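This briefing covers the core, the strand pairing and the salt bridges of the structure shown below.

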Amino acid sequence: MIRAALAVVLIFSVGCTRMCAEIVRDRQQAEAAAVEWARNGGLDEPRATCQEMDSNGDSYISCTVFAKGMQPIGVECAK
């Protein structure tokens, strides 16, 4: 019984680690896309931060772009 419980915990941990790695990769890709969008739009020294999850399942995550001398801009980026 204890072995079975430990196996379940181990499988869950491995699955969670993979999911977390995918979330970080998706977030990093979205942040890079947001920065590129801002640069292409002529914004000075853009930075971006994005949510970690697609909360509504539309394959986009919410990001906020920050640029020198501007208010933050909310955008949706493909993950």
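Helices here are DSSP runs of H or I with at least four residues, and they are numbered from the N terminus. The model is predicted. Helix α1 holds both E31 and R27, four residues apart, so about one helical turn separates them.

**Salt bridges**
- The structure contains three salt bridges.
- One of them joins the side chains of E31 and R27, at 3.7 Å from N to O.
- E31 is buried, because its relative accessible area of 18% falls under the 20% cut-off.
- R27 also forms a salt bridge with E52, with the closest N and O atoms 3.0 Å apart.
- R27 is in helix α1 and E52 is in the loop between β1 and β2, so this pair ties together parts that are 25 residues apart in sequence.
- E52 is partly exposed, with a relative accessibility of 48%.
- E45 and K68 form a salt bridge, their closest N and O atoms lying 3.7 Å apart.
- This pair links the loop between α1 and β1 with the loop between β2 and β3, across 23 residues.
- Both E45 and K68 are exposed.
- Through shared partners, salt bridges join R27, E31 and E52 into one network.

**Nonpolar core**
- The largest nonpolar core has 13 residues, and those with the most contacts inside it are A30, A34, C63, V65, V75 and C77.
- At least two core residues come from each of α1, β1, β2 and β3, and α1 gives the most, with four.
- Beyond its neighbours within four places in sequence, C77 contacts A30, A34, S59, Y60, I61 and C63.

**Strands**
- β2 and β3 pair in the antiparallel sense over six bridges, with I61 opposite C77 in β3.
- Six residues separate β2 and β3 in their hairpin, and G69 in the turn has a positive phi of about 75°.

Methods: Residues are numbered from 1 along each chain as its sequence is written. This is a predicted model: local features need pLDDT of at least 70, side-chain atom pairs count only at pLDDT 80 or more; totals for chains, interfaces and linings use all residues. Side-chain values use heavy atoms; hydrogens and water are left out. A nonpolar core is a set of buried Ala, Val, Leu, Ile, Met, Phe, Trp, Tyr and Cys residues joined through side-chain atoms within 4.5 Å. Buried means under 20% relative accessible area, exposed over 50%, partly exposed in between (1.4 Å probe, protein chains only). Contact means heavy atoms within 4.5 Å. Two strands pair if DSSP finds at least two bridges between them. A salt bridge is a side-chain nitrogen of Lys or Arg within 4 Å of a carboxyl oxygen of Asp or Glu.
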